[in-house]
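This briefing concerns a pocket and a helix pair. Please consult the sequence and the structure below alongside the points that follow.

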Amino acid sequence: MGQIGRTRSRDDALDRARNHSPFLREAIEARPDIVETFATSGAAAAATRALQSDGDTLESSLRRRRHGLALAVALGDLSGELTLEDVTQLLSDFADRAIDEAVRAAITERVPDAEPQGFAVIAMGKLGSHELNYSSDVDLLLLFDPETLPKRGRDDAGEAAVRYGRRVIELLQKRTEYGYVERVDLRLRPSPEVTPIVLPVNAAISHYESSALPWERAAFIRARAAAGDIALGQRFLDAIQPFVWRRSLDFGVIEEVRQISARIRDHFAQGAVIGPGFDLKRGRGGIREVEFFVQIQQMIHGGRDASVRAPATLYAIHALKAADRLDQRTAEELAEAYRFLRTVEHRVQMVDDAQTHLLPADASALDNVAQLHGVSDGEKLLGLLRPHVDRVGAIFDGLAPDTSARLSNDPDILREELRSLGFADGDSAARHIADWCSGKARSLRSPPAQQAFEAMLPGLLRAIAAGADPNHALNRLSDIVERLSSGVNFFRLLEARPGLAHLLAKILAHAPLLADQLARRPELFEGLFDASSFAVPPEAAEFAALLTEAMRGHSYDVALDRARRLVNERRFALGVQLIDRRRDPLEVTEGYARVAEGALVALGQTAANEFEASHGRFADGELVVLGLGRLGGYSLTHASDLDVIYLHTAPADSRSDGLKPLGPNDYFNRLASRVTAAMSVPTAAGPLYEIDARLRPQGSKGMLVVPLEGFERYQREEAWTWEHMALCRARPIFGSVAARERTAAIIGEILRMDRDPAKVIADAVKMRKDMERHKPAHGPLDVKLGRGGLVDLEFAVHVLQLTTHVGLDTRLEVALEELATESLVPANIVESLKLLSRMLVMMRLVAPGDIKPTPETWQLVAEACGSASWDALLAEHDAARQSIAALWDSIKQRA
């Protein structure tokens with residue numbers, strides 16, 4: 001816009017202000033300096049002029065500044081020079097400064113030269129989110145610290161704090177010839193009818209930790225330390241973070257906030273429908289429903305995703321959209337509606353500087369507001385408002401549960417409903433439901449749990465009926481319902497996200513291990529709510545960093561539990577990816593390995609840090625952990641344990657530098673035991689991994705941790721062939737870069753030692769026979785231990801690696817490709833490895849122990865392995881096993 005356009009726009013804004021707002025007309029006459037600055041230099045300059053100190057006393061200065069800013073902001077708003085965000089930010093920033101000056105004045109009036117420490121002002125509501133209305137009150141929570149509050153010698157801290165609070169309120173809202181500064185509302189504090197206006201900070205923390213109401217969670221989304229002792233205010237907010245942002249998804253908040261909104265609609269029913277007298281704030285489809293909808297999404301997701309915690313509504317909408325918590329259309333509609341509703345609300349308030357949210361019921365008054373906004377009449381304004389209001393109302397109404405879909409209590413009708421859902425045996429399904437509804441299960445004894453269960457059940461039953469073996473899945477659901485200690489959040493999650501009900505139906509039908517985990521820890525399912533759960537896990541180092549960040553600032557036991565929860569969620573999600581066919585099993589097996597390695601790095605370092613606090617560390621030594629077997633080869637299954645060897649690099653005659661110094665053997669053996677416990681001891685967060693350290697020198701008879709030099713000497717001089725075969729899949733996964741590189745170099749030298757090929761083959765053949773006797777195959781589908789299985793392939797590869805020094809990579813696939821390049825193995829053997837590895841990963845999940853999968857589950861395994869049918873997969877399996885058996889036989893014949 002050129003200068004002429006800007007001038008016309010400013011002139012038009014001044015004309016509308018004079019003609020349609022008595023308050024602005026009076027302000028224009030009282031502050032010609034601001035009008036002149038606006039006309040010549042614009043709204044921003046006018047606001048700067050308004051905020052210059054003007055008045056003999058603090059009371060008069062604050063009021064004149066507020067009055068001038070109200071004029072400058074209104075003119076900037078009407079001319080279009082200031083956006084809604086500009087307007088609310090200017091008003092909020094001034095309120096912050098005014099409150100802070102009032103706090104300082106209240107304290108120094110009684111204690112001259114005192115700093116405002118020990119007295120904090122928490123901004124709530126729209127001031128907290130920097131979204132203050134044109135003419136609004138400020139919602140404040142006043143806190144004090146009795147230990148640091150300035151006071152006169154014999155004053156009681158509580159009485160002094162209340163005295164300061166009253167004076168702050170007087171300075172802000174007392175009306176004088178210059179008007180007022182801010183209207184103050186303190187009713188958001190706990191039990192405002194009985195509590196003092198200023199609360200002790202520790203008492204406030206205790207309230208929110210133990211007995212706060214659900215609506216208070218929403219209120220604190222927008223809270224911030226705004227004035228007074230900012231550090232004290234921030235300490236309070238940090239302390240109640242777990243109350244506001246709960247890691248566990250709580251879909252009950254939808255119903256709680258929706259009921260609050262319903263009560264507001266009922267209470268303000270007269271202005272609930274768009275038209276003259278419409279309540280822009282509380283009416284159906286109004287400002288409050290946009291805010292409530294956004295806050296509900298934040299409370300659901302914010303405990304796990306800090307990126308959606310933005311206090312301001314418009315920024316929160318953007319953050320939710322960026323995090324894929326809101327679809328683009330809904331986000332755009334909500335943001336557009338919110339801007340327009342807030343803008344019209346400001347027009348209503350500008351007329352008389354009144355704290356109102358109602359469109360005038362009188363037609364001429366409504367026309368006046370419309371003309372102040374720049375449209376011809378009230379009907380035109382209502383026409384602009386109506387689409388936004390209708391759309392917001394529809395979006396918010398979408399949060400309400402559909403009670404019409406609930407199942408009947410009549411047994412005959414229920415059986416028919418179940419048959420219509422797809423259950424061939426409606427009688428059996430009806431018996432299950434009758435047992436659940438009897439309230440015998442612990443998870444269904446509370447009314448909220450019963451209600452949540454009945455609400456989600458039709459959708460889940462529909463998903464189960466459409467899946468494989470519905471009766472089998474229903475039996476597993478019954479196991480979960482009976483074993484859950486508390487199911488209300490789990491049931492609410494399934495009701496709120498029907499897509500997850502379909503996932504649960506697949507788990508129940510195909511994955512007993514996952515179903516058992518859910519029965520013990522239903523919160524595992526919450527992780528699937530996050531789309532990132534279905535991504536490939538990050539590299540081990542990155543995942544370790546994520547775990548470390550999650551543990552930061554917590555005590556040792558709490559930190560470990562937080563990490564365990566994240567690890568178990570990732571492992572559970574990887575299992576679900578297999579069942580849902582989201583990803584190739586070969587990608588999932590590497591994902592399992594990344595998660596395990598990242599967990600060992602993060603928990604190992606946390607255990608080391610805790611141990612070092614008492615025993616110090618070694619200047620020239622550290623713990624090193626080797627990963628072997630499937631961990632070393634980046635190829636874990638859902639049920640894999642972790643094969644490790646613990647080493648240390650400290651000199652034998654050294655001691656740690658802590659308060660309780662130890663020699664290297666005691667130090668590192670105790671530290672390794674701590675690491676093992678951190679990874680394997682079951683806690684409330686669930687078990688993680690079994691740690692197997694028997695591959696160390698001397699096996700279970702030797703020390704848990706071996707000096708690196710001793711390890712090298714043993715491997716060069718005493719180790720058996722099978723121990724060198726195990727080293728073919730060994731890689732350092734814990735320790736400094738230098739220590740890991742040094743250890744890897746030693747392993748490389750050992751693997752490249754000259755060997756007698758005949759002896760290596762003979763030793764390997766003998767060991768394989770011993771293994772067959774002690775660990776026979778479990779049946780014809782044992783793709784690991786059976787003839788031509790993965791163990792035979794591993795033996796063949798390791799023999800060739802040790803005798804030819806070709807393919808010395810811990811990944812079997814890479815090793816085989818390099819061996820094939822040198823014509824040491826058939827070129828197609830890599831495909832045999834891939835097929836059997838896919839089968840192993842799938843079957844460990846769907847057929848653990850003696851469980852016999854259904855035909856539908858076998859079909860799922862076949863499709864995951866790239867075959868059209870189970871019979872086709874069996875044919876491919878047989879061919880792969882034959883090729884591996886032939887390779888192993890050809891190597892045995894060379895002995």
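In this predicted model, the lining of the largest pocket draws at least two residues from each of α29 (629–632), α32 (721–727), α34, α35 and α37 (829–846). The greatest contribution to that lining comes from α34, which provides six residues. Helix α34 also packs against α35, their axes coming within 10 Å.

**Largest pocket**
- The space in the largest pocket amounts to about 1600 Å³.
- Its lining comprises 36 residues, and those nearest the centre of the pocket are Leu695, Trp722, Met767, Met771 and Lys775.
- By residue class, the lining of the largest pocket holds 14 charged, 13 nonpolar and nine polar residues.

**Geometry of the α34 and α35 pair**
- Helix α34 spans residues 757–774 and helix α35 spans residues 790–804; their axes cross at roughly 160°.
- Because angles over 145 degrees count as roughly antiparallel, α34 is roughly antiparallel to α35.
- The crossing of the two helices, α34 and α35, is right-handed.

**Contact between α34 and α35**
- From α34, the contact involves Pro757, Val760, Ile761, Ala764, Met767, Arg768 and Met771.
- From α35, the contact involves Val791, Asp792, Phe795, Val799, Leu802 and Thr803.
- The residues of this contact comprise 10 nonpolar, two charged and one polar.

- Met767 and Met771 of α34 take part in the contact with α35, and both are among the residues nearest the centre of the largest pocket.

Terms used. Residues numbered from 1 in each chain as written. Predicted model: local features only at pLDDT ≥ 70, side-chain atom pairs only at ≥ 80, totals over all residues. Heavy atoms only, no water. Axes fitted to C-alpha atoms, helices over the stretch in contact; angles between N-to-C directions. Helix = DSSP H or I, 4+ residues; strand = E, 2+ residues; numbered from the N terminus. Parallel < 35°, antiparallel > 145°, perpendicular 65-115°, else oblique. Left-handed = near helix turned anticlockwise from the far one by under 90°. Contact = heavy atoms within 4.5 Å. Nonpolar A, V, L, I, M, F, W, Y, C, P; charged D, E, K, R; others polar. 1 Å grid on protein atoms, 1.4 Å probe; cavity = no way out; pocket = protein on both sides within 12 Å on 5 of 7 lines; lining within 4 Å. Points joined across faces, edges and corners; volume = space filled by probe spheres on them.
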